[in-house]
Amino acid sequence: MATDKRRLFGCLLAAGLGLVLGDATAADVVAIVHAQAWTMTGADGGRIDDATIVIRDGRYESVARGAAPPPDARVIDAAGRTVTPGLMNADTQLGLVEVSSVPETRDSGLNGGPLGAAFDVQYGLNANSMLLPIALDDGLTRAVTRPTATADPVFLGMGAVLRIQPGGDILDRPRAAMYAGIGGIGIGQQGGSRSAQWQLLRNAFAEAKTFNPSRPVPAPRDQLQNVMNIAALRAMLDAHMPLAVRATRESDIRQAVALAADYRLRLIVIGGSEAWRCADLLAANKVAVVLDPEADIPWTFDDLGARADSAALLAKAGVTIAFTVSGNTIQLSHNAGSAVREGAGLAVANGLPYADALMALTVNPARMFGIADHYGSMAKGQDADLVVWDGDPLEPTSAPKTVFVRGVQASRTTRQTLLRDRYAPSHAHDPLPPAYRP
Amino acid sequence: MTLPWLRDPWPSTYAPLPRQDTLIVGATVLDGAGHRFDHANLLMRDGKVVAVSTAPIAVPAGTTTIDAKGRWVTPGIIDVHSHDGAFAAPFTSLDLQASDVSETSEPMTPNVWVEHSITVQDPSFARALAGGVTTLQILPGSNNLIGGRSVVLKNVPATTVQAMKFPGAPYGVKMACGENPKYAFGEKGKFPSSRMGNVAGVREEFLEAQEYRGKWLDYLSGERKKMPDDELKEDTLAGVLDGSIRVHWHCYRADDMATLFDFAREEGFRIAAFHHAVEAYKIPQLFVANHTCAVVWSDWWGYKMEALDGIRENAAFVDAAGACVAMHSDSPWLGQHLALEAGKAAAAGRRAGLSISPEHAIQWVTLNPARVLGLEARIGSLEPGKNADVVLWSGDPFSVYTRADQVFIDGAMVYDRSNPAHQPRSDFELGQPSMTDRPGVSGNGH
């Protein structure tokens with residue numbers, strides 16, 4: 001797979017040419033000692049107290065209780081603090097949105113043109129987004145970034161997984177999922193009935209199945225999907241790319257399960273306010289759910305069953321969950337790191353076991369979106385994304401003390417910390433205006 | 001005679017719910033007035049706070065006693081920026097065309113009163129209550145330069161808005177600066193289409209209000225014989241000019257706010273609060289000098305140009321300068337977690353080197369918002385004689401894991417987490433199959 005080749009190439013570079021690339025620290029050996037490590041290697045979160053965590057060449061080498069650090073390691077004393085893998089937000093628009101209200105800084109959606117299923121967000125990613133250092137500063141090292149709309153009545157396009165690291169190379173996995181959106185208050189602009197949406201979605205997969213990629217043009221005259229979109233759907237089927245359906249109403253979630261069964265699709269439900277109502281069905285069909293734990297209001301007619309303990313109910317039924325927090329869409333990207341932790345904390349406050357919440361911020365989304373081979377736990381060989389927390393990571397009053405991405409210690413400087421330092425109360429009586437401060 | 005802007009055409013019909021004198025024993029009390037009492041007792045009688053004390057409080061027979069060891073007590077949380085009821089759930093596509101939260105037909109609507117838009121059956125009220133919110137100010141939206149009158153509600157379930165209205169609470173007026181008005185109207189080719197247009201529009205309106213108020217005052221003093229015509233738009237602004245109606249100004253940027261501080265001085269009124277005030281930290285001394293509160297979020301930023309410079313230390317930095325700070329929600333989701341908002345803002349301040357105690361930070365969601373509303377003599381702290389608006393928390397109110405166990409308004413228990421019979425549920429939520437439990441799913445259904 002293209003991603004794996006890219007990763008392999010990246011590793012060779014890091015190992016052999018690290019100095020040239022400027023990420024020499026990735027080749028360092030680092031040992032974090034006296035950590036309360038949540039390794040995410042077991043169903044219980046794999047907690048190891050007084051752990052020594054060894055990172056070598058950007059990857060986890062070992063985690064062992066009370067072990068002596070390797071002699072060549074740079075040692076960081078966690079002093080009993082909680083250490084987790086870097087966290088992952090399962091639904092953001094990071095790298096695609098800079099200022100939400102400014103159209104030219106927003107590459108997450110289309111309002112016209114021929115692209116539907118073929119819309120692929122990977123080409124619009126902005127590695128220099130000022131949001132990325134802030135997310136990283138909050139301990140977020142991976143994120144799904146996803147499309148929001150196309151002119152197609154159902155397809156939103158393909159999302160990607162980001163690794164939030166400095167230096168420009170943020171695309172971890174392109175085409176991580178195909179997104180479709182069903183229902184919602186925008187349904188009037190999409191034909192007027194969710195029945196039509198389901199019929200069109202089913203038809204698209206039917207067309208994709210019979211599509212011949214070796215003779216793509218012309219498509220049959222009455223085929224609804226154009227050649228770009230049908231080729232994307234066929235490639236999706238061939239690659240077993242998951243279908244991520246944004247839906248909240250129970251009937252739509254059940255329709256999605258039936259569709260996924262008919263076409264042998266790996267299904268992820270995004271939103272899922274009423275997913276708890278068919279939790280057993282989802283568990284039996286291995287359907288994963290990305291939830292917003294703050295969404296406990298019957299905000300639309302599609303969310304009447306929204307409740308604060310959705311995460312707990314789904315996890316209890318054996319459904320794999322991951323988190324996002326919308327916060328009126330404001331928290332989706334601009335506080336993608338801090339808000340998703342707070343959401344996980346709220347889920348715990350409403351009955352979700354603590355370890356399950358941490359898994360929903362790490363290994364679970366890694367598995368859902370196809371990056372579990374290199375991210376999500378502290379297992380040997382995994383990318384060394386790691387956060388030393390100054391308190392309980394699920395308390396929004398806590399913050400990271402130290403963040404590593406792929407073995408590289410992250411800078412803690414962001415646009416927000418610079419503003420903070422420039423306007424700190426200690427400067428109140430400076431003779432020169434703030435513009436002369438760093 | 002009563003000046004037209006002082007009339008009360010829709011008077012409050014609020015009456016406290018049935019109540020019981022209550023003694024809470026052994027709690028950690030943050031009293032909202034800046035004090036912390038450990039292992040303390042709180043007595044509520046006849047709807048008022050009688051005492052908070054670490055010494056035993058003798059109570060007459062018939063007083064209900066609640067063992068609160070290990071739990072925390074604060075004043076009721078006050079949200080001074082809510083749209084609950086006006087921007088109500090369920091939100092529908094019809095609201096996209098014509099929402100009740102803003103009268104969008106023109107930029108100047110000081111004549112509208114948001115209490116006439118309120119759906120009392122909005123399920124968000126009860127969710128805010130479960131988050132400890134006992135008092136809400138409902139504001140019109142921010143499309144308009146002058147959006148209309150606010151209303152202050154007690155968060156009790158009711159079938160009319162009058163029955164929720166806080167008796168005697170001063171009215172406020174919602175105003176907006178910056179991007180929202182200029183885009184809401186400028187994009188339609190209407191006035192205003194610029195920041196300078198925003199300011200000019202408001203100045204013009206106040207000039208007229210000055211003249212209008214002058215006519216009425218002349219009429220009262222006998223200098224003018226003919227009774228002036230009653231102008232609904234001018235009434236609200238005349239109330240601002242005489243201090244009886246409080247100004248709540250939606251504004252983000254430091255330079256915008258500084259302009260409006262000068263404008264208010266020119267016109268001779270005080271701005272009660274700048275709401276959102278994302279850049280308040282750049283001009284904290286102006287908030288001190290103008291006796292204006294900065295009403296803020298803990299961390300919202302970046303979703304529009306004027307929110308670009310938001311930092312998490314905003315509240316703490318403004319507070320450190322000695323200005324009044326309050327947290328607000330502007331959102332029915334955030335409005336369930338306002339204590340946590342204060343906790344997050346305080347934590348950011350501590351990380352930046354400031355010393356902020358829990359008993360201080362709780363003021364950002366209790367006494368300070370009470371000051372914003374002009375109700376600091378009645379609510380916002382647990383000082384003797386004040387309304388017994390009280391939250392008994394399962395633990396530290398600044399922890400994400402803490403829930404409101406019980407909530408009291410005027411001494412009446414209005415929410416009890418352990419007793420579904422004391423959990424209000426809106427009419428809208430009745431008979432909705434999606435809200436009922438399914439076999440094998442435990443929980444209370446909402």
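Me: In this predicted model, which residue of chain B forms a salt bridge with Arg415(A)?
Reply: The model is predicted, and the rule for a salt bridge asks for a side-chain nitrogen of Lys or Arg within 4 Å of a carboxyl oxygen of Asp or Glu. For Arg415(A) the closest N and O atoms of the pair are 2.7 Å apart, and across the interface of chain A and chain B the rule finds 4 salt bridges. The partner of Arg415(A) in chain B is Asp309(B).

Me: Which helix of chain A gives the most residues to the side of chain A that touches chain B?
Reply: Across this interface there are 26 residue pairs in polar contact, both residues being at pLDDT 80 or more. Several helices of chain A each supply at least two residues to the side that touches chain B, including α2 (131-137), α5 (250-262), α7 (310-316) and α12 (415-422). The helix that gives the most, with 6 residues, is α9(A).

Me: How do the residues of the side of chain A that touches chain B divide into nonpolar, polar and charged, and how many are charged?
Reply: The contact takes 57 residues from chain A and 60 residues from chain B. On the side of chain A that touches chain B, 26 residues are nonpolar and 15 are polar. The charged residues on that side number 16.

Me: What is the area buried between chain A and chain B?
Reply: The size of an interface is often given as the accessible area lost when the parts come together. Between chain A and chain B, carbon and sulfur atoms give 59% of that buried area. The area itself is about 5100 Å².

Me: Which strands stand at the edges of the open sheet of 8 strands in chain A?
Reply: The order of this sheet is β6-β7-β8-β9-β10-β11-β12-β13 in chain A, with mixed pairing, and the twist averages 25° from one strand to the next. An edge strand of this sheet pairs on one side only. In chain A the edge strands are β6 (87-92) and β13 (321-323).

Me: Which residue of β10(A) is the bridge partner of Ala180(A)?
Reply: Strand β9 (residues 171-181) and strand β10 (residues 243-247) of chain A pair in the parallel sense over 4 bridges. Helix α4 (residues 227-239) of chain A packs on the sheet, where α4 touches β8 (155-163), β9 and β10 of chain A, and the direction of α4 makes about 110° with that of β9(A). The bridge partner of Ala180(A) in β10(A) is Val245(A).

Me: Why is one side of β8 and of β14 of chain B left without a neighbour in the sheet?
Reply: The open sheet of 6 strands in chain B has the order β8-β10-β11-β12-β13-β14, and its pairing is mixed. Strands β8 (146-149) and β14 (325-327) of chain B stand at the edges, so one side of each is left without a neighbour because each has a single partner strand.

Me: At what angle to β12(B) does helix α6 of chain B run?
Reply: Strand β12 (residues 271-276) of chain B runs parallel to strand β13 (residues 293-296) of chain B, the two being joined by 3 bridges, and Ala273(B) stands opposite Cys293(B) in β13(B). Helix α6 (residues 254-267) of chain B lies across β11 (245-251) and β12 of chain B. The angle between α6 and β12(B) is about 165°.

Me: How many residues apart are Glu250(A) and Arg277(A)?
Reply: Glu250(A) forms a salt bridge with Arg277(A), with the closest N and O atoms 2.8 Å apart. This pair links distant parts of the chain, since Glu250(A) is in helix α5 of chain A and Arg277(A) is in the loop between β11 (267-271) and α6 (279-284) of chain A. The two residues are 27 residues apart.

Notes
Residues numbered from 1 in each chain as written. Chains lettered and ligands numbered in written order. Predicted model: local features only at pLDDT ≥ 70, side-chain atom pairs only at ≥ 80, totals over all residues. Heavy atoms only, no water. Contact = heavy atoms within 4.5 Å. Buried area = accessible area lost by both parts, 1.4 Å probe. Polar contact = N/O pair within 3.5 Å; in protein donor to acceptor, adjacent residues only side chain to side chain. Nonpolar A, V, L, I, M, F, W, Y, C, P; charged D, E, K, R; others polar. Pairing = 2+ DSSP bridges. Axes fitted to C-alpha atoms, helices over the stretch in contact; angles between N-to-C directions.
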